[in-house]
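Work through the exercises below with the sequence and the coordinates open. Each task is followed by a solution in steps.

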Amino acid sequence: MSMKTEALQAAHGAEEQPLHHQFEELPQQNESYVVGMWVFLVTEIMFFGGMFLAYVLYRWRYSEAWFEAHTKLDIPLGTTNTVVLLTSSLTMALAVHFAQLRNKRLQLAMLGATIGLACVFLVIKAFEWSAKFQHGLVPGPNFTWEGLVPAPQAQLFYSLYFGMTGLHALHVIIGIVVIGVLALLTALDHPLVKNDFIPTELVGLYWHFVDIVGIFLFPLFYLIPK
Amino acid sequence: MSTVAPVFQGESPQSPPSYLKAGHTIKSWLLTGDHKRIAILYLIAVSVFFFFGSIAASMIRVELVSPRGVMLENDTYNKVFTAHGIIMIFFFLIPAIPAVLGNFLLPIMIGARDLAFPRLNLLSWYLYVAGGLCALLAMAFGGVDTGWTFYTPYSSMYSNTNVTLTIVGAFIAGFSSIATGINFIVTVHKMRAPGMTWFRLPLMVWGSYATSVIIVLGTPVVAITLLLVVMERVFHIGVFSPELGGDPVLFQHLFWFYSHPAVYIMILPAMGVINEVITCFTRKRIFGYHFIAFSSLAIAGLGFLVWGHHMFVSSQSMYQGMVFSLLSYLVAVPSAIKTFNWTATIYKGSVRFQTPFLYVLGFIGLFVVGGLTGLFLAAMSTDVHLTDTYFVVAHFHYVMVGGTIMGFLAGLHFWWPKFFGKMYPDNWGKLSALIIFIGFNLTFLPQFVLGYLGMPRRYHYYYFAPEFQFWHIASTAGASILAVGFLIPAVYLLWSLKYGPDAGPNPWGAKGLEWTIPSPPPTTNFVEIPVVREEPYAYDAEADEREERVPAETKR
Ligand code: HEM
Ligand SMILES: [Cu+2]
C-alpha cells in the first residue's frame, strides 16, 4: 500500500469491513466467528482429553515403570522446544495486534516469525524422535527395553508419548499450513481477509490452543517425579 | 431491519424465487451454501443409507427364520449385522433429524437468513458423504465383523476384516456431525431475530441446541478412541491391547462415554419435532414449556454420566456399577417429564388426526416402552441376565426406530409441504403410519420375549432352543410389514413432488416463523428479518373456530 492511499484512508476513516450475507450487522458477524472458534476449541479439548485420560490411568497404574521410562527423554531439548513454542505464541499475539491496527507489513512479519518458530519446533522434535528410533524405544515389534521394570509397561509410556506428541505435532503442521494460507491471502489482499482482522484472530486462538497443549505435554512426559 | 412484525409475507409478484428455483444446474446444488439446499442433499443421502441399512436388516431377519440359519455363513452373518448397525447408527440415525429437518428449519425458526457458517455446513455434507463412502467401500470389499461397537482387542489385534477403512469412515462422519453441532450452537446464540428471546425459541430449537452440545462434547472423544484403535492395528501403538500393556476396558469406557450420549443425539431432535407437531394438531400451547426446554439440557448433561450401564459385566467394580445404575435411573426423569407434558398437551386439545399426528402418537407409545425397558436394563441384577440378549436389541429398537424414526417421519410429513410446496395424500399417510406401527410392534415385541427366554444377540442360529422359532418367525413377518410401511411414504412423497396439490404457505394453520413465509421459501428466507412479539405455540382453538379456519374433518 502506497503512502498516498494510506494517507487517504487515514483521512476518510478506514475502509469498511465486509459483511457476509447471512449476517445483519458487523458485531454479530465478528462475535459469531469468535464463538464458533471457541466451540471448536472445546471439541479439541475433548479430542485430546481421551488421550489424557489414558495417560492418567496408566501413569497411576504403572508409576514405577513410567518413571524409569521417562528418564530416557531429553530434557534440554524438551525445554528448548517449550520456550520456542511460547515465543511463537507471543509472535502470534503480535500478529493479531497488528492486524487490528491494519498494519499489514508488521502483521505479515509476525505471521512469518510464527511459522519460522513452528518449523524450529518440528525440527527439534524430529531430532528427538529419531534418537528414539536409534535406541529402539519406538513401540512395535522392534521395541527393546533393558531395565528392571516390565517392557510392556515401558512400551505403554512410549505409545502415549508418540501418540500424544505426534497428535500435537500434527496440530503444529496444520497450524503452519493455516498461518501460511492466511499470510498469503493477506499479502494478496484477498477479499476473504481484506480489512478484516477476525481471520487472524481465529488463527491466533487456534495457535494458542496448540501451545497450551504443548505446555501440558512437557511436564507430563519429561518431568515425572519419582 | 424492520420494526413492525409482518404478519404474513405471502407470495407477491415481486417476492424472490424459491430456493428450489434459485439455480437449476447440478453445480448450483453441489456448491450451494443455502441451508435449505444442503438439507435436501442430506435428505437424499440419508435415504440412500437407510435403504442399504434396511437391506442388511432384511438379511438378518431372513437368516433367523430357521433354528440352524437359512443362507449365511457365520462370518457373513457377523458382517451383515455389523453393516446394519454401522450404517443405521452413524449414517442414518445420528444425522437424520439434525442435518435434514434441523438444517432446513433451525435458521428459519429463529428468524435468520442462514446458519452462521454456510460453507462449514456444506463441508459437513461432503464429510458425511466421504465417510459413508469409506464405510460402504469397506463393506463392499470384504466387510467388517466387529459389530458397530468395535470392541478391542478383537477389533485392534485379531479381526482380519476391513476394520481400518470402516473406522476411517466413522471418524470422518464424526467430524461432519461436529461441524453441524458448532454451526447450530453459534447460530442459536448469535443469529436470533429481534424479540426472539431464549424462552420464545420453539422447542425444536432447544432440542437441536442440546443435541449440538452433546455432539461437541462427545464426538471428539469417540474420534480419538477410534483413532487409537487404528494406531494399535496399524502401528502397534498399544493402548487397549493387553499384549501391548494396555487395558481393553479403557476402550469400553471411552467408547460408551460417547455412545451413550449418542443415543440422546438420536432421540433429542426427535423429541423436538414432537413438540412442534403436537401443539399444531391439538391447537394448544405446549404444557410446561420451561420444563421441556430444561429437560433437554438435563438429558444432555446427565447423559454423560451413565455410560457405565453398558459395562455392568465388563469387570468394572460393583460400586461403579451401583453408581452408574442409580444415575441411569435419574436420566429417565427428564424423559418422563417430557412424556407427561406431551400427554398433558393432548388432554382436552382439539385433536386433528392427520398423518404427522399419528406418527406422534406412535412415537409416544413406542418411546415409553423403550424407555421403561431401559430401566430394566439399568438395574444391575436384571441386566446380568438380560445383557447381550434380544431384550437389549428390542429395547434399543423401541427407542431408536420407535423414537427417532417415528419422530423423523412425523417431522418429514409435517414440513414436507414447507420443503417442496406440495401436499401428499393424507389418507395414504395415515395408512402407512398405521402399517408401520403394527409392523414395528410385531417385529420387536417378540424380541423382548426371546431375550427374556435367553436368545443371545448376534447369533445366527438357535438350534439349542428350537422353541424360539415361533417368536423369530413372528418377528420376521413383522419386519416384512414394516418394510411395506416404509416403502409407501417413499412412493407417495415422491409422487407428490410432481402431482401433489399446492400446499400454500401454511396448510396446517401452524404457528412458528417458518409458516409465515412462502412454501417453498425463498433463498434468503425472509424479505425482511421479522420482529418476534409472541410466545411460541400461541394456538387458540376458539379463535380457530370463530374464524372458521378449522377444516371439516376436525374432531373435538
Ligand atoms: C430412558 C432411558 C434409558 C435407559 C435407562 C437405558 C438403559 C440402557 C442400558 C442399561 C443398556 C445396556 C444393556 C446391556 O447391554 O446390557 C442400554 C442399551 C442400549 N440403549 Fe438404552 N436406555 C435408555 C434410553 C435409550 C435411548 C433413548 C436410546 C436411543 C435412542 C437407547 C439406545 C440404546 C442402545 C443402542 C443400546 C445397545 C448398545 C449396544 O450394546 O449395542 N437407549 N440402554
Ligand atoms: Cu446407554
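**Exercise 1. The copper site**

Identify the residues that coordinate the copper ion (ligand 2) and their spacing in sequence.

Step 1. The donors are His260(B) through ND1, His309(B) through NE2 and His310(B) through NE2, at 1.9 to 2.0 Å. Donors are N, O and S atoms within 2.8 Å of the metal (3.2 Å for Na, K and Ca); water is not among the atoms, so sites may look incomplete.

Step 2. Along the sequence, the donor residues follow the pattern H-x48-H-H.

Step 3. His260(B) belongs to helix H8 (residues 248–282) of chain B, while His310(B) sits in the loop between helix H9 (289–302) and helix H10 (318–346) of chain B, so the pair ties together parts that are 50 residues apart in sequence. Helices (H or I, at least four residues) and strands (E, at least two) are DSSP runs, numbered from the N terminus.

Step 4. His260(B) is buried at 5% relative accessible area, whereas His310(B), at 31%, is partly exposed. Buried means under 20% relative accessible area, exposed over 50%, and partly exposed in between (1.4 Å probe, protein chains only).

The model is predicted: local features need pLDDT of at least 70, side-chain atom pairs count only at pLDDT 80 or more, and totals for chains, interfaces and linings use all residues. Residues are numbered from 1 along each chain as its sequence is written, chains are lettered from A and ligands numbered from 1 in the order in which they are written, and side-chain values use heavy atoms, with hydrogens and water left out.

**Exercise 2. The largest cavity**

Which helices of chain B each supply at least two residues of the lining of the largest cavity?

Step 1. The volume of the largest cavity is about 200 Å³. On a 1 Å grid over the protein atoms alone, a cavity is a set of points where a 1.4 Å probe fits but cannot get out; lining residues have an atom within 4 Å of a point. Grid points are joined across faces, edges and corners, and a volume is the space filled by probe spheres set on the points.

Step 2. Its lining has 20 residues, with Phe90(B), Ile94(B), Ala173(B), Gly174(B) and Ser177(B) nearest the centre.

Step 3. The helices are H3 (74–109), H6 (163–190) and H7 (203–235) of chain B. H6(B) gives the most, 7 residues.

Definitions and conventions. On a 1 Å grid over the protein atoms alone, a cavity is a set of points where a 1.4 Å probe fits but cannot get out, and a pocket is an open set with protein on both sides within 12 Å along at least five of seven lines; lining residues have an atom within 4 Å of a point.
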